[in-house]
Amino acid sequence: MRVRTAGGRAARPVGAVTRGTTNPNRLRRMDRWIVAELTPALRAADPPPVAVDLGYGAAPWTAVELRSRLAAVRADVRVVGIEIEPERVAVAQRYARPPELTFRRGGFEVPLDGLDGQEGAGGPGRAPGAGGALLIRAANVLRQYEEAQVAEAWALLRARLAPGGLLVEGTCDEIGRRHVWVALDREGPRTLTLAARLGGLERPSDLAERLPKALIHRNVPGEPVHAFLRDLDRAWAAAAPYADFGARQRWIATARTVSADWPLVGGPRRWRLGELTVRWDAVAPAPA
């Protein structure tokens, strides 16, 4: 996964073609969290902020939806859908609405040159994307790679973030009912978030099958993420009486119990949405 350059620019996209599986509204849980997390930065950005949907798949639904959701906070946000497969880029062009929504070929190098000729209030050199992306969302992309390749992919993507930007990388099921993602800034991973449709959830560890590549093979005894999911299951079982008031109340009670031993981020306002966020350093892979 090395960047090949020619004249200072990537000679070809970095990465491999994904399966391309996608569905409308599949990433709604991730997008809801992103909007809440980035609202202050979206509003403060100058020039207009750039968000990237990396590896949007065979159809551009997720990029179109991301643009709509971010535009509710910042109307002039630029969303760039990036795909390594040329045919997918060609198909997506009918949905483009330049400069707010565009599509281009690329990979982990995240090409953002020439997005827009307009300048922000900061003057020359302040074209959108010139300082990197405020958001790079990579959903269901790294799952097909080897675990050993994750760190390099993260590093390439983090290098394309603007100051204060986020890389959100994770995996979900085909219709977006269960989703787990890592949030990273330019320095490295910050948090791990679990999000689910609580109705029909038998136990929190059912989300283990959606762990991102960095953790999917670490859900074994002796690893922090295994201990975290174990404690969630125990708290969920202890909170069974709350089920009479609905799965949401049971989830909130579970989160309260777990927060006594694990560094959760956020509170009941996010828990009631079926989310649970924990600091990355608490669940990161154990040293070899």
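Glu-209 forms a salt bridge (a side-chain nitrogen of Lys or Arg within 4 Å of a carboxyl oxygen of Asp or Glu) with Arg-210, the closest N and O atoms being 4.0 Å apart. The model is predicted, so that local features need pLDDT of at least 70 and side-chain atom pairs count only at pLDDT 80 or more, whereas totals for chains, interfaces and linings use all residues. Residues are numbered from 1 along each chain as its sequence is written, and side-chain values use heavy atoms, with hydrogens and water left out.

Arg-210 also forms a salt bridge with Glu-174, with 3.9 Å between the closest N and O atoms. Because Arg-210 lies in the loop between β9 (189-196) and α5, and Glu-174 in the loop between β7 (161-172) and β8 (178-184), this pair ties together parts that are 36 residues apart in sequence. Helices (H or I, at least four residues) and strands (E, at least two) are DSSP runs, numbered from the N terminus.

A further salt bridge joins the side chains of Glu-147 and Arg-218 (2.8 Å, N to O). Glu-147 lies in the loop between β6 (133-139) and α4 (150-158) and Arg-218 in the loop between α5 (213-216) and α6 (224-238), so the pair links parts that are 71 residues apart in sequence.

Accessibility is classed as buried (under 20% relative accessible area), exposed (over 50%) or partly exposed (in between), using a 1.4 Å probe and protein chains only.

| Residue | Relative accessibility | Class |
|---|---|---|
| Glu-147 | 25% | partly exposed |
| Arg-218 | 22% | partly exposed |
| Arg-210 | 16% | buried |
| Glu-174 | 39% | partly exposed |
| Glu-209 | 43% | partly exposed |

The whole structure holds 18 salt bridges, and Asp-31, Asp-53, Glu-65, Arg-69 and Arg-137 are linked in a network of them.
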